Amino acid sequence: MSTTNKEIGPPVIELGAMGWLRKNLFSNWYNSLLTIFGLYLLYILIPPLLNWIFLDANFVGSTRDDCTNEGACWIFIQQNIKLIFYGLYPTEELWRINFVYLILFISGVYLLIPNLKHKGWVGAFLLIIFPIICVIMLSGGLGLEAVETRLWGGLFLTLVIAGVGIVLSLPIGVMLALGRRSKLPVVSILCTIFIEIWRGVPLITVLFMASNMFPLFMPEGVNFDKLIRALIGVMFFSAAYLAEVVRGGLQAMPKGQYEASQAVGLTYWRMMALVILPQSLKMVIPAIIGSFIAIFKDTTLVLVIGLFDFLGIIQFVGTNPDWLGFSHEGYVFAAAVFWVFCYAMSWYSQRLEKKLDTGR
Amino acid sequence: METDRSKLGSFLFNRSVQGVFYQLITLGLVALGIYYIVTNTARNMLERGLASGFHFLGVESQFDIGMTLIEYSPTSTYFDSFIVGLLNTLLVAGIGILFATIIGFTIGIMRLSSNWLIAKIAEAYVEILRNIPLLLQIFFWYFAVLRALPKPKQSLELYDSFFLNNRGLFIPDTVFGEGSSIIFYLLWLTIIISIGIFIWAKRRQNRTGERFPAFYVSTALILGTFFISLAATGFPVSFEYPELKGFNFKGGVKLIPELVALTFALAMYTASFIAEVVRGGIMAVSKGQTEAAKSVGLKQNLILRLIIIPQALRVIVPPLTNQYLNLTKNSSLAAAIAYPDLVLVFAGTALMQTGQAIEIIGMVMGVYLFLSLFTSLIMNLFNRFMKVDGER
């Protein structure tokens, strides 16, 4: 041990930008090596991508001949935007879809702004009256011209399938979860079998079943629309997944909550509706939204049974002889839109998780 | 009168009586529903002239399949096509799981790196890939990347032995010459001996506390025996490299572009979920464990191997198998790019030809259902085995 009087040098900078760099990127030799490798990776990926998407891209024009630059040809998307967003829905009736979007948007914004009154009423409106408005506005009735569902398509169809799947599967999922945890053996076994069967098979086989087997199940003359068949398939499939998520929440509930509500004389349904479900659903909100994201992504599979959802229509537009060879643009655009939707949902769920993290 | 009514009341409001009553109603409704569906189906099938039963499995299928792992021709039966599809599904799932695990663990560990840039790159990978539908990713790799590759003459190549072009990926084939079986027997033998060494080393350590470098010894034993036996038998194992002949490659193993795209997309997508599982598992090991291990004087690599990894694995394995199962089920998306998996071959072509929707979809669903139930059975056993005493 030598205690020399060597002059102590000035301290290594640990504050400011230099300090941060030293601590987080160049703390030792292999970290420096990793940083350089990472920078190189970004260098070979990012600039060409940016060039292709923005700098060298073509934005103005109306035919493929206007795409003279090296980069992406966004004119392809621009020219087909109506198909991509609305499918083959008649042009003069598009206002109906936009009207539905508008109602959804306004009530959504209302619900998102903190500290507004009557949120319960708006929520009830969205859950009960809004679906009726949707059905009338979108498929026709009450003096509006009927629009067959085979004309539905694009992002609009994706939102319809995901929306119906999400809204209907949650109550079914809750009921299935309650059933599986029921003390009555018959109910519990039936629910377990139902859940495990749907969860055990891929969605694509469910959709094949919906399109090939459902028509056989129905009595004569009853013919379900292809879209409705797909919706039923998606609904049960996601209900089974949600049921397991909800069951997780129910299991995490302390036993005392059940005992206390029984002690004050609540019946089974009141106990569930007033005490257990509000608490346990709150606990599993992130997982529920995770399932919603999964449903949203899974709606793309309906293209295998011949429905033209957002991805399906982009695939279809790409086969148009006028626009052959622009699949990259189509996929990048679709990926961007899906990503924004999914990321927004997961961001919202994280926000909600923080906000609801009361107690404990 | 009064007592009769209260008797009736206490009978009606008795919990167990109510329970039986509700269960009877449920059973009745379910039975009614099934009866309704079955009668409808029976009548519909009769009207459409559809056959029922599994006789069709023995009939000639009369269609060809683009990629088969076993002998198959249009004169083979529908049952053969079922097996071909099943094997193709398992092939994709197997390769996919292998790569997803490698990529997923790498990305997951990268996310925990103390290097800010590396952690952010890993985070970007996870956030981008898991928020884009898998089908879109499959389409991207298949239509936008593999189809856009150059023709065989301008293939992308690696070391003159791997070739990638729009016909697929060509890799060298291993050829086992005479005498190569001895090498395999020796390989198996050394593996069994190594397992024995591990058990013996563990026992000895429990008894005496002395450590034995079982890992290094057994690795040396396996590799050493392998190379010595290779040299002794005169290198009977060789590689057959793909070669460009005319317009296409001959020799080697050809992986069709559908297989390459599907495996790639499945592996990359599932890896983003596995990365999160791995990160969660490692983070679940409390900091106190590392600190305690340090304070008893364990070295860094021993802390990882003896303290962190075993505990993290206990958290990681159940959700990891879940991801493997998801990957297997997601491999059914093969149907969208025409890779001949179980769904495309059997629930697609065979169903179209025979029209026996119920039997065929039942069989396909049965396969997937068997896989998931089997996996969850294994998982339950694993959880029981790994459970720490006193933990709830």
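These legends describe close-up views of a predicted model.

**View 1. The four-stranded sheet of chain B.** The sheet is open, and its strands follow the order β1-β2-β3-β8. Pairing is antiparallel. Strands β1 (156-158) and β8 of chain B stand at the edges. Each has a single partner strand, so one side of each is left without a neighbour in the sheet. Ignoring direction, neighbouring strands of this sheet are turned against each other by 15 degrees on average.

**View 2. The β2-β3 hairpin of chain B.** Strand β2 of chain B spans residues 162-165, and strand β3 of chain B spans residues 168-171. Three bridges pair them in the antiparallel sense. Two residues lie between β2(B) and β3(B) in this hairpin. B:Asn165 has B:Gly168 of β3(B) as its bridge partner.

View 3. β8 of chain B covers residues 253-255. It runs antiparallel to β3(B), and three bridges join the two. In this pairing, B:Phe170 stands opposite B:Lys254 of β8(B). β8 of chain B is an edge strand with a single partner, so one of its sides has no neighbour in the sheet.

**View 4. Packing of helices α3 and α4 of chain B.** Helix α3 of chain B runs over residues 78-111, and helix α4 of chain B over residues 116-130. Their axes lie 7 Å apart, at an angle of about 130 degrees. On the α3(B) side, the contact is made by B:Ile107, B:Met110 and B:Arg111. On the α4(B) side, it is made by B:Ile118, B:Ala119, B:Ala122, B:Glu123, B:Tyr125 and B:Val126. By class, seven residues of this contact are nonpolar, two are charged and none is polar.

**View 5. The contact between chains A and B, from the side of chain A.** Chain A brings 42 residues to the contact, and chain B brings 46. Six helices are labelled here: α2 (29-55), α8 (185-200), α9 (203-212), α10 (214-217), α15 (310-317) and α16 (327-356) of chain A. Each gives two or more residues to the side of chain A that touches chain B. α16(A) gives the most, with nine residues. The side of chain A that touches chain B has 29 nonpolar residues, twelve polar and one charged.

Notes. Residues numbered from 1 in each chain as written. Chains lettered and ligands numbered in written order. Predicted model: local features only at pLDDT ≥ 70, side-chain atom pairs only at ≥ 80, totals over all residues. Pairing = 2+ DSSP bridges. Axes fitted to C-alpha atoms, helices over the stretch in contact; angles between N-to-C directions. Contact = placed C-beta atoms within 7 Å. Nonpolar A, V, L, I, M, F, W, Y, C, P; charged D, E, K, R; others polar.
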